[in-house]
Amino acid sequence: PGLGVALLVVSIGYALPVLWARRRVTRRWGHVRPRGHVFADFGLVLRRDWRFATNQVAAYLNATVEIWIAGLVLSSLDTSLYSAAQRLALLLAVPLTWIQVVFAPVCARMLLSGEVRTLERLLRTGATLAALVTAVAWVPMLLIPGPLLGVVYGPGFEGAATVLFLLTVGSMANVLSGLCGTALTMSHHEGSVAA
């Protein structure tokens with residue numbers, strides 16, 4: 001029953017913001033009638049922006065496939081420990097993701113207007129800010145990974161301390177690379193990001 005309740009709560013957690021957003025969008029854009037064919041337009045977008053789509057799918061799969069592989073090669077207990085550590089380590093990407101969402105349109109505008117020097121300073125500032133905010137979560141994950149896992153997931157998860165430590169060190173490589181992915185994507189170099 002615990003798993004069923006957890007799935008129900010997660011489903012509601014996804015459904016409520018989606019329903020709220022749908023209501024807002026419908027209220028604002030409900031008068032607009034669609035033109036063209038959705039599937040044809042979708043195909044056009046995929047053909048034109050397949051590199052961007054590939055990057056988005058890869059980012060999603062990166063966070064999921066690791067757990068699937070762990071499930072294939074580890075015991076159920078070790079998979080649970082690995083999954084807990086991996087999910088906690090994913091928190092390190094949140095500050096950088098926030099900044100990327102805000103900086104992407106700014107980056108596109110500055111590239112279009114040719115303000116490359118200002119953009120470079122802005123990207124460095126954003127990357128520094130992301131690294132500082134991420135360090136707030138990273139330091140406890142490095143210094144007290146076992147007790148931190150115990151507080152977040154409960155007793156028995158302290159055994160994933162080494163995995164959490166290693167995953168956070170690896171995750172910091174993404175944070176320390178800063179906003180290069182955003183700059184490349186906004187300057188039509190999605191292929192470099194994909195590579």
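User: First up, is Cys-107 buried or exposed?
Analyst: Cys-107 is buried, at 1% relative accessibility. Buried means under 20% relative accessible area, exposed over 50%, and partly exposed in between, with a 1.4 Å probe and protein chains only. Keep in mind that this is a predicted model, where local features need pLDDT of at least 70, side-chain atom pairs count only at pLDDT 80 or more, and totals for chains, interfaces and linings use all residues. Residues are numbered from 1 along each chain as its sequence is written, and side-chain values use heavy atoms, with hydrogens and water left out.
User: How many disulfides are there?
Analyst: Zero, counting a disulfide as a pair of cysteine sulfur atoms within 2.5 Å. For Cys-107, the nearest cysteine sulfur belongs to Cys-180 and is 11 Å away.
User: And what's the relative accessible area of Cys-180?
Analyst: That one is 40%, so Cys-180 is partly exposed.
User: OK, switching topic. How many salt bridges?
Analyst: Two, where a side-chain nitrogen of Lys or Arg has to be within 4 Å of a carboxyl oxygen of Asp or Glu. Arg-48 pairs with Asp-49 at 3.3 Å, N to O, and Arg-124 pairs with Glu-120 at 2.8 Å, N to O.
User: Where do Arg-124 and Glu-120 lie?
Analyst: Both are in helix 6 (residues 116–143), four residues apart, which is about one turn of the helix. Helices here are DSSP runs of H or I with at least four residues, numbered from the N terminus.
User: What about Arg-48 and Asp-49?
Analyst: Arg-48 is exposed at 56%, and Asp-49 is partly exposed at 27%.

Terms used: Helices (H or I, at least four residues) and strands (E, at least two) are DSSP runs, numbered from the N terminus.
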